[in-house]
Amino acid sequence: MSTPYRDVLNKIRLAFPQPVSDSIHDSYFVHSIMRALDQVDGLKTQLPILGSIVPGDFEEARRTTLPPRMSSVEAVTSDLVGHLQGMTIVGHPRAQQNVIPPPTIPSLIGVLLSSLHNANVVWDEYSRLVALAEVEAAGITARLVGYDPEQASGVFTFGGTGTSLYGVKIGLEKACPQAMQKGVPEDVVVIVSEAGHYCARSITGWLGIGVDNLITIPTTAENEMDLGRLEEAARTALAGGKKIAAIIATLGTTDAFGLDDLKGIVTLRDNLTEEFQLAYRPHVHADAVIGWAWSVFNHYDFERNPLGFRPRTLRALAGACRRIRHLSLADSVGVDFHKTGFAPYISSLVLFKDCEDLRRVTRLPEEMPYLYHFGEHRPGMYTLEASRAGSGPLAALANYRLFGEQGLQVLLGHMVEMTQILREHLEGYEGTTVLNRDNFGTVTLFRAYPLGIDTFSIKGQEFDDPAHRDTLLTHNAYNRAIFQYVYSEAMAGRGVLISSTDCYRHTRYGEPIYALKSYILSPFVDEGDVEVVVEKIQEAREKVA
Ligand SMILES: *Cc1c(COP(=O)(O)O)cnc(C)c1O
């Protein structure tokens, strides 16, 4: 019987994958995806962006209305593709902007599959063996960072921020076992380094601990937490009767890839726990959302070097491993597969060394009457989220299976190798200087200086000596101009897209140091793509007065 609503309904049904095998409709589905990919491909040029940058009219966007009638898959596809206009092609070798990786094909298929059947890993009833993928990915990661996989446990959550939130929340429950029920007493602090991610502020704010109770510890020249200052701060807090909910150690800071001395932090924590006879052990959370991936080198034979990396690369890898291999000393670790794991957003895992820790936030079954009548795997008993997509776990597992340990070693090793080549070039010119020379990731912070400036001494002078304040600020502006030049050249198809940071750290006298930044996270980067960075900077130095 044909009624107006039936006619529309039939169109609607075609817009869904079919519930019962229908290979003709499957072809239509695949073709629809192909059409989208084709259109995206049509936006590609030699430039590291899709199409061109069209400024978004956010005022106009606010006035968007719901269309009165149904559209078609085809029309919606074109509309969606249009929204990709101007996006950076993060896998392009001439895009070296930030810690955003290009996702692999298997990880994208993982997202598609999970979304296709709408897996929710809150409970195995809602996700079956997709829930298993979460446990598998967590198990692989636990082993990788050196946890006992029998004892460790973890869940995927809403980003790196979520991983630290879980760590701090569990720490809070350890320090104040009543917090979940009664709320947070005022005498709680959280400690992080000045180079740690701003999410520590969000977390202390949102957990009710209060941003004022976040203690930030200055960092050394290597961008790692100053242990002496940490000890001072922790002692002051404890002596003042405060409780330490968590110490967040950052392993791989966002701008510079600084790595905190986790071993030193844990030792200090243990000593203070004993000395102050604390009834709890302050929780140490490792924010390793960037650095975790270097764990694949924990067992690499740096002597024999079977993959044939260059000596400078080996040194950089070993330098990072020196800190990363202690990850298992942390009570919990945060991992972002959407950063150094080549998965699409969001794929973040928080792991606890002791699975009992998660019990501290477990709800009672009576509180969740619609869940858990059967099944045996119930992470939703303790996760903050109710719905959790299976896409993050499947994407992570996809990449583990695809790369294996050696694949990840090659991928990271290559990018570190390219980073080292970039630094050699930058240091080979007298007009440029690398700022984070002792940080061994794939991010390079550097500054350019006008002709006639002695780059050997200027860095130290600007950093230490308030008499150089004006020079520092002048050179901040100079580097901004260099960045503008390099950026517009890249947009014109000449050169490379790099980025910058307004404050990679403060000088001793409190001024922000502006830095140019190259973040290499594309497997397609080769030597020519890092040489062009240096060429463009040199060119900019001639153009910028
Ligand atoms: C990116 C980052 C975060 C936040 O992660 P999101 O996934 O963006 O929420 C936290 N810590 C560090 C060190 C980071 O680099």
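Guide: Buried means under 20% relative accessible area. The model discussed here is predicted.

Visitor: Is W292 buried or exposed?
Guide: The relative accessibility of W292 is 2%. The cut-off for a buried residue is under 20%. W292 therefore counts as buried.

Visitor: How many aromatic pairs are there?
Guide: Rings of Phe, Tyr and Trp pair if their centres lie within 6.5 Å. By this rule, the count of aromatic pairs comes to 12.

Visitor: Are the rings of W292 and F337 stacked or edge-to-face?
Guide: A pair of aromatic rings is described by the distance of the centres and the angle of the planes. For W292 and F337 the centres are 5.0 Å apart and the planes stand at 65°. Planes over 60 degrees apart count as edge-to-face. The pair of W292 and F337 is therefore edge-to-face.

Visitor: Where in the chain do W292 and F337 lie, and how many residues apart are they?
Guide: W292 is in the loop between β6 (283-287) and α12 (311-324). F337 belongs to helix α13 (residues 337-340). The pair thus links distant parts of the chain, 45 residues apart.

Visitor: Which residues form one aromatic cluster with W292 and F337?
Guide: The cluster contains W292 and F337.

Visitor: Are α14 and α17 roughly parallel or roughly antiparallel?
Guide: Helix α14 (residues 391-428) packs with helix α17 (residues 527-543) at an angle of about 30°, their axes 9 Å apart. Angles under 35 degrees count as roughly parallel. So α14 and α17 are roughly parallel.

Conventions. Residues are numbered from 1 along each chain as its sequence is written. This is a predicted model: local features need pLDDT of at least 70, side-chain atom pairs count only at pLDDT 80 or more; totals for chains, interfaces and linings use all residues. Side-chain values use heavy atoms; hydrogens and water are left out. Axes are lines fitted to C-alpha atoms, for helices over the stretch in contact, and angles run from 0 to 180 degrees between N-to-C directions. Helices (H or I, at least four residues) and strands (E, at least two) are DSSP runs, numbered from the N terminus. Angles under 35 degrees count as roughly parallel, over 145 as roughly antiparallel, 65 to 115 as roughly perpendicular and the rest as oblique. Rings of Phe, Tyr and Trp (its six-membered ring) pair if their centres lie within 6.5 Å; planes under 30 degrees apart count as stacked, over 60 as edge-to-face and the rest as tilted. Buried means under 20% relative accessible area, exposed over 50%, partly exposed in between (1.4 Å probe, protein chains only).
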